[in-house]
Amino acid sequence: AGIRGRALRARLGAARLPTVWEAILDLDDRAESMVVMSAIRGRANGCLTLLWGQREAIVALSLGLWLTGYWLLEGWEHRKMLWLLVPVLVLSGGDRILLTVRRNRWLWAVAGLLVYQLASRMWTAQSTSPVASWHDSLLTFVLIAGLVTAATRDNVATRFLGGLAILSPLVALFSLFAFYAWSGRSFADDRLRIPYIYDHGLNAVLTGLLFGFGALAAAWFTRHGDWRTRRIWWLAATGIGVFALLATQSRGAMLALAAGTVVLVLFERSRSWAALGAMGGGAVAYFAVLFWSRGGSEAAGDLLVRGSTGRFTIYDWFLGRMDTADGLVGKGMGTPAVIPEEVFGWLVHHPHSSYLTQLYLTGAVGLGLLIFVLGWATRDALREARHGDTLWITLLASGAMALLFDCAQIFTLHSDPRLELLLLAVPAALAIGRVESARAG
């Protein structure tokens, strides 16, 4: 039986080994495939190692690209872009962001403000607003923490603002040509808008605030250019930004630019003369074109004598609807801060003051937390200014003035104007990151 079994196995092996096993276990082919797989694994590991080493740069690049969306995207597109970037932030820099959150006490204060805003929704009556919802609060905190983390790297915060200061005049030039030259609108009668954001263009006030932000950042860079050609570009960017801001005829944006310029001059003194000259050149060019165009003198007069455009009436309406409890804890962040059309004859989308909005929705407690968070950042920005870095206190002064007479909720991604984060929270976070970097260094 043993002899017959061995003979059977020998016949089966002789029949099948050449056709099945030799093809699979061919030593030459197997050795070649192992070499190929090892090379692929080696290259993949090398790419992963390279990406892991550059993960902080990836986080910074992602956040910088998101910031450009203020000039390029509509609100819902901008929020969707941030949702798409969250996995990149978590996978590339989640550990660094968590470490920053653990060490940075300012972020704890921001978290406290966001938690209170979220809690205030409990006394909001039947609200479906996404403002200060749990996902809005979480995403806002991740964004702020990511900005602080990115700013701890050398010159990353400055490069953020440099990129925006380059983008802003390019958008301004395109908007001027597209809005006036290509569409045949009147330079005197029609206030400039960024034409490709929303069906009728971005609101003129918000357009002016964006161009003013870019002009002020460019003005700071005029004294920090390393060589002459670069400095000429920054001067041109400053002048273009001021020209475009004036074309929006937004006095709130003008006040914001003026506040930032005063702070810049106070700290930079004689080194700011070139920036002031560029701003003056942009203003002279605007009024020259305005008076040359038909109806320009009337438009200039209207700009100077135009009243408060109903803002104080709006403020009185919101304050008049607050009782004692509302004054303490607010009506809740989910409450719509709007005035129906039947009240004044037009729909008021927001209170036109971020600080009044905070008081109306979160009371004195929420407003106090907001002032504490912003005051902390301002203190650190002043500390940086005393060491020669005046960019952050300049932008914070401009943003604080802008939000005094315009906009709505600050620490949210779902405010109607949506620029509040850029104008105030972003400079605050970058200033905190710069101070954190200086302490670590």
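Predicted model: local features only at pLDDT ≥ 70, side-chain atom pairs only at ≥ 80, totals over all residues.
I start with helix H13, residues 311-320. Its buried residues are Arg311, Ile314, Tyr315, Trp317 and Phe318. Looking down the axis of H13, these buried residues fall within an arc of 160 degrees, so they line one face of the helix. As a general point, an α-helix has 3.6 residues a turn, so residues three or four places apart point the same way. On the other side of H13, the exposed residues are Phe312, Asp316 and Gly320. What covers the buried residues? The cover includes helix H15, residues 341-344, and helix H16, residues 354-386.

Next is asparagine 104. It sits in the loop between helix H4, residues 75-103, and helix H5, residues 105-120. Is asparagine 104 buried or exposed? Buried means under 20% relative accessible area, and asparagine 104 has 4% relative accessibility, so it counts as buried. Leaving out residues up to four places away in sequence, asparagine 104 touches Val148, Ile432 and Glu436. With glutamate 436 there is also a polar contact between the side chains, at 3.1 Å.

Two elements give two or more residues to its lining: H4 and helix H18, residues 420-440. By type, the lining divides into two nonpolar, four polar and six charged residues.

Terms used:
Residues numbered from 1 in each chain as written. Heavy atoms only, no water. Buried < 20%, exposed > 50% of the residue type's maximum accessible area, 1.4 Å probe, protein only. Helix = DSSP H or I, 4+ residues; strand = E, 2+ residues; numbered from the N terminus. Arc of directions from axis to C-beta. Contact = heavy atoms within 4.5 Å. Polar contact = N/O pair within 3.5 Å; in protein donor to acceptor, adjacent residues only side chain to side chain. Nonpolar A, V, L, I, M, F, W, Y, C, P; charged D, E, K, R; others polar.
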